[in-house]
Structures are given as structure tokens and as C-alpha cells.
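Subject: Structure handover, salt bridges

Hello,

Here is the structure for your files. My notes on its charged pairs follow below.

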Amino acid sequence: MNTLNDLKDRFPGLSNGWARFDGPAGTQVVDTAIEAMSEWQRSGNNANSHGSFPAAEACDALVERVSETMSQLLGADPEGMVFGPSTTANLMALTRAVSKTLSPGDEIICTTLDHSANVSPWKIAAEEAGAHVYMAQMNGKTGRLPTEAVAGLLTNKTKWVAVSGGSNAIGTMPDISKITEIAHQNGTRVAVDGVHRTPHIKTDITAIGCDVYATSSYKWYGPHAGVLWIASDLLSELPAYKIRPAPSIGAGRWQYGTPSWETLAGIEAAGQFLLEVGIENISEYEQKRFERLLSGLYDMPKVRVAGVTGPDDVADRAPTLMFLVEGLSPEDVAKHLAESQVAVWNGHNYALDAMEPLGLDQDQGAVRAGVTAYITDADVDRLLEAVSSL
Ligand SMILES: Cc1ncc(COP(=O)(O)O)c(C=O)c1O
């Protein structure tokens, strides 16, 4: 399916000709989101919520609209959408509240596949409460997190499972529906880090059944911000840290200070962009480019792609991979690719606990390349040629 081939023109940040495989660290912003943000700033609506004049009413209307857009995008009730500066900040706020509900000896399961933003906040919360964190182990050879690795750690003391919806390092997507089902049978809550999942696969939170879902709009063509969906019972019951005038029920208890209205306008536009293009279409488009990228790299004898079982190991995987080139540091490879105007990331990419199972150096990590909706076959070929010329 080729209908996405013209999308590149929608991203002003691509006009300098670079092939941007750094999407997993943050995508370029779609034109409608850029316009929505500047239009908001120009509109005179920059006010505050709950006022008795039109600009203030426009702020309230914006929150309602962006929550509705997020609800359509993620398949969950709009009332549960909490907007914050980033997923890290949102999960810190969540776990700070969760910590107050934990007792000494309680248990939390995190995973070695996860980004540190869905591990460290839980570790801090556990430490403060005298609870324990157990790490479910990914399989470094397949790059997968087996459901049993989580299920096998559940006990009658397990209060939360914090699990990746998609690895920001190597793309693999655990079976979060099954994990949630098993955890719920045990009376355990589930928080999914959907940051690397949301832009690549149609997500339906209601069908997954999880209790918390985190995403960041700068990974899906919008501004830098985090959106945290919290299930309705937890939303009002967890002891959120808040100041006295902040709302005592609903999403407002979790949001600190005046929202960044312009950012909300950008999130709304980026969300609408995904809904209009269709994440299913994006998935199909990305998958083709990813197959080309993975098989091209896999077939080079001097390249090792981490956590894949073969050149066509693309099932249940967001279009992201990490690779090493024999005899060269990841940083040197990234610098070499930059000479051909190919942007890739190098390092551990905050997936700290995944480095050892993947057989990668904890500090140097590997080179990470991610396909997004604006990557073309020509971009993939440019990356492959640059690697093969090393
Ligand atoms: C999978 C994953 N989780 C969490 C985060 C943290 O997101 P934020 O930068 O919004 O705090 C990232 C950022 O790279 C990520 O890729």
C-alpha cells in the first residue's frame, strides 16, 4: 500500500533532505500540529480554565476536545486522560501516589524490556514503601518478553505490573492483553508504557483492559508532552499529590499548574492526523520499509542486529531495531551515517536493563534506527548504502 508516499511533504522538518531514523527518540512534527500551536498563540484564547469570558471558555473547550481525540485514538474514556510534560513526569506522579497505597512486603513486577521511565519510578515508589520490585526477564535471543516471565513472578502480594507496550530499543511488543488478563485474575493492577506502541499499532485500551496507559505525543508527530490514561476508579481514588485548590476528583487532580494550552492544541492536531491517516495504514506502510531495513542489515556479514531471530522477524514488533557493525563503536557508526545525512541514535536509549540480555555494552549500547510514517524506501536504501560502505 503506497498511499502514504506523499506524507513527507506534511513534515516541514524534513525539508533539509535528511533521512530521519531517529523517530523513536522523537518524530518530526506534522504541519497541522505546528499550525494549531501557533494559531492558538495568535488567537487570543491564551487564558485559563473556568473563567467567565470567551477565551477562558475556549480553554475548557480545548481540554474537552483533546481528551475526546485521545479517547478515539486509544479506545478509552476521555475523562481518564491526564496531560503532563512527559511520560517520565506522569509516571513519577502516578507512582508517588501508588507508593502511599503500598505496604511493606508488597510486590511490583517490572521488566528488563522496558525503558527506564517505566522502571525507575516504580523502584523509587517501592523503596519508599518497603515494597519489592521483581524484574521479569526478556529473552535476549528472540528479543521477546514471554508472558510467562511476568506470570511466573505473580504472587498474592503483587500489587502492580509495569510493562512495556513496545520496546523503544528493539520494537518488540509483549502480549499486554494476556499479561493484563493474568494479572487481573491475581488482583494485580497493570500499567502499560505505550510510548513506543501508540504510533505503530492500533491500540484499544478497553480491549487490552489495563489500568494505566502512558503515551508521549512527540513520538507521534506532535509536541513534547505526555498523556497518561488512568482507569476511572484509580483516577479519583489514588492519593494524588496535589495542591488544595486543584480538583479533588478526575484528571485535574493529576495535572500540576496551568496546562500548556498551545501544547494541547498541538496534541489535538497530531491525534487528528493519526486518526485521519489511520494507524492501520501507517502500520502497513512502515512494515514494508522495516522489512527492507531489517533484511538489508541482516544480510550484511559485518552487521549484528540485536534480538532478532532472522531477516524476516518482524511479527509483533514496532519498526525499530538496534545493530552493531563489527569493529566499530555505535557512536562511530552514527557519525559515519550522519555524513550521508542519515540520522540514527546510538547508546542504550534508556532501555538500560535490556542491554545485558541483548549482549550489548551497558554504556555504548548499539545503533538504533526506527521507521516512521515518513520514512521512504529511498531513505532505507541510503542507510543501507552508508552502512555497507563502512
Ligand atoms: C518506551 C518509552 N517509554 C518512556 C519514554 C519516556 O518518555 P518521555 O520522554 O515523554 O518522558 C520514552 C522516551 O523515549 C520511551 O521511548
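Lys-8 is the place to start. This residue counts as partly exposed, at 24% relative accessibility. Please keep in mind that the model is predicted.

Lys-8 pairs with Asp-379 in a salt bridge, and their closest N and O atoms are 2.7 Å apart. The two sit 371 residues apart in sequence: Lys-8 is in the segment before β1 (19-20) and Asp-379 is in helix α12 (residues 377-388), so the bridge ties those parts together. Asp-379 is at 3% relative accessibility. That is under the 20% limit, so Asp-379 counts as buried.

Next, Glu-268 and Arg-65. Their side chains form a salt bridge at 2.9 Å, N to O. Here two helices are tied together, because Glu-268 belongs to α9 (residues 261-277) and Arg-65 to α2 (residues 54-74). The separation in sequence is 203 residues. Glu-268 is buried, at 15% relative accessibility. Arg-65 is partly exposed, with a relative accessible area of 40%.

Arg-317 and Asp-313 make another salt bridge, at 3.1 Å from N to O. How do these two stand, buried or exposed? Both Arg-317 and Asp-313 are buried.

There is also a network. Salt bridges link Arg-289, Arg-292, Asp-377 and Asp-381 in it.

For the overall tally, the search of the whole structure gives 15 salt bridges.

Best regards

How values were computed:
Residues numbered from 1 in each chain as written. Predicted model: local features only at pLDDT ≥ 70, side-chain atom pairs only at ≥ 80, totals over all residues. Heavy atoms only, no water. Salt bridge = Lys/Arg side-chain N within 4 Å of Asp/Glu carboxyl O. Helix = DSSP H or I, 4+ residues; strand = E, 2+ residues; numbered from the N terminus. Buried < 20%, exposed > 50% of the residue type's maximum accessible area, 1.4 Å probe, protein only.
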